[in-house]
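Subject: Structure handover

Hello,

Here is the structure you will be working with. Please open it beside this email and follow along.

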Amino acid sequence: MRLAAIETLGFRTVTFVTHLGRIAAFVGSIFVHSVRPPWRVRRLVGEVFDIGVLSLAIVCLSGATVGAVLGLQGYTTLSRFGAANSLGAVVGLSLVRELGPVLTALLVTGRAGSAMAAEIASMLTTEQLDGLRMMSIDPVDFVVKPKALAMLISMPMLNALFICFALFGGYVVGVKLLGVDGGTYITSMENAITWEDDVAGTLLKSFIFGALVGVIATYRGYTATPTSAGVSAATTGTVVVASVTILLFDYVITALWGV
Amino acid sequence: MQPSATRDLIVGLFVAAGLAAIGYLSIQVGGLSYKGPGGLRLYATFDEIGGLKTRAPVEIAGVTVGQVVTIGLDPSMRARVTIDVDPSLKLPTDTSAGIRTSGLLGDQFIELEPGAEDQTLTSGEEIAMTESALSIERLIGKFVHDSGVESK
């Protein structure tokens, strides 16, 4: 009985390490294809459209809403201490440092990451990937690489747009509705946020999140079980694993970056 | 999928908007806090700068005319502050610099008080007269220490 438990533990460990190794090999293969022609620019543009442009609406809308709520909550708390003038700093810092990159990554995972995994998994199920191999086209080069790269490119831009819309939402609520002085709001925000500590950090975070979501979604789809259940498992797995990984990495990056 | 040219245009617009947003965050929000003209570099040495930080404003009569660029330690272990101010200002050579606090607990900034000399400061020159930051802890410490000695 005890032996069986240890056996299970050993099996799990071996599976985990095998997965890590496969992911590393997969990432290596994506990287090699990325730095070598054919570049597949047309496919990349198409994927940036699917991931970036089509996520724009949800990202901007969520950004404005999150900013507005932050403005409202921050004002209620700050005005208790007579510090409503720091509203811009509170909204700006929390958005740029944490909420922007993390929420954008979670939204994009749900909106585009799941779709990416489902698409690749169903291509696998319907043997389209094998069809590509028959024509001696590497599916990693033709299908996976454009998707992963598009995720890497789109994420920082969506993040920056999310933050801009959220700053606007916070401004509307704080200045137009609650009566904080507009100049004070902008000045306290611009004084609090620095390039080295905050803006560079947010770009680094969104780049890393983009790479993570791109790799997790494509790997899950690529290694799915070729059945209908496999496609749905790949989609669910992508959202769950990517979300947890984003939150974990967010802590690690913040700790290493040193706030 | 949409026609290729339209799609390319939309992707191009998206990328341009994304880059503009990154640029806005980097330059406007994360950039320098003083937006006026700069170029006149002056140095000032203080015994104590308190909580002065880089990018803190430099003011004359309450008007922001520049900002703190660097803060370092000079060989005699005093704080050496570089400030960047509007070059159109004609600051007399006997201008003095003091570190002030906005409000009771606000941020610290440098206040310049122009003197009366005819000659003006040029870039790279040193502001000779400085007034250090007022440290409340030090003041209280001094007060407690002094009154303690007297009572004995």
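Chain B has two helices and eight strands. Helices here are DSSP runs of H or I with at least four residues, strands are runs of E with at least two, and both are numbered from the N terminus. In sequence order, the pattern of chain B is α-β-β-β-β-β-β-β-β-α.

This is a predicted model, in which local features need pLDDT of at least 70, side-chain atom pairs count only at pLDDT 80 or more, and totals for chains, interfaces and linings use all residues. Residues are numbered from 1 along each chain as its sequence is written, while chains are lettered from A and ligands numbered from 1 in the order in which they are written.

**Confidence**

The model scores ipTM 0.82 and pTM 0.80. For chain B, the mean pLDDT (the predictor's confidence in each residue, from 0 to 100) is 82. In that chain, 88% of the residues score at least 70. Confidence in chain B is highest in strand S4 (residues 79-85), at 90. It is lowest in helix H2 (residues 136-151) of chain B, at a mean of 74. Where pLDDT is low, predicted coordinates should not be read in detail.

**Chain B**

Of the 152 residues in chain B, 24% are buried. A residue is buried if 20 or more other C-beta atoms lie within 10 Å of its own, exposed if 12 or fewer, and partly exposed in between; the C-beta atoms are placed from the backbone. Next come contacts: two residues are in contact if their C-beta atoms, placed from the backbone, lie within 7 Å. Take the contacts in chain B between residues at least 6 apart in sequence: 63% of them join residues at least 24 apart.

B:Leu121 is one residue to look at. It sits in the loop between strand S6 (108-113) and strand S7 (125-127) of chain B. B:Leu121 counts as buried because it has 23 C-beta neighbours inside 10 Å. Beyond its neighbours within four places in sequence, B:Leu121 contacts B:Leu42, B:Leu91, B:Thr93 and B:Thr95. B:Leu89 is 32 residues from B:Leu121 in sequence, and their C-alpha atoms are 9.2 Å apart.

Now find B:Met77. It lies in the loop between strand S3 (63-73) and S4 of chain B. B:Met77 is not a glycine, but its phi is positive, at about 60°. B:Met77 has 7 other C-beta atoms within 10 Å, so it is exposed.

**Chain A**

Chain A has nine helices and zero strands. Its C-alpha trace spans about 65 × 55 × 35 Å along the principal axes. Of its 259 residues, 45% count as buried. In chain A, 87% of the contacts with a separation of 6 or more are between residues 24 or more positions apart.

A cis peptide bond, with omega about 0°, joins A:Pro37 and A:Pro38. A:Arg40 has a positive phi near 60° and is not a glycine. A:Arg40 counts as partly exposed because it has 18 C-beta neighbours inside 10 Å. For background, most residues other than glycine have a negative phi, and most peptide bonds are trans.

**Where the chains meet**

One helix pair spans the two chains. The axes of H2(A) and helix H1 (residues 4-29) of chain B come within 9 Å and cross at roughly 55°. Axes are lines fitted to C-alpha atoms, for helices over the stretch in contact, with angles from 0 to 180 degrees between N-to-C directions. H2(A) and H1(B) are therefore oblique to each other. Angles under 35 degrees count as roughly parallel, over 145 as roughly antiparallel, 65 to 115 as roughly perpendicular and the rest as oblique. The residues in this contact include A:Phe49 of H2(A) and B:Phe14 of H1(B).

Best wishes
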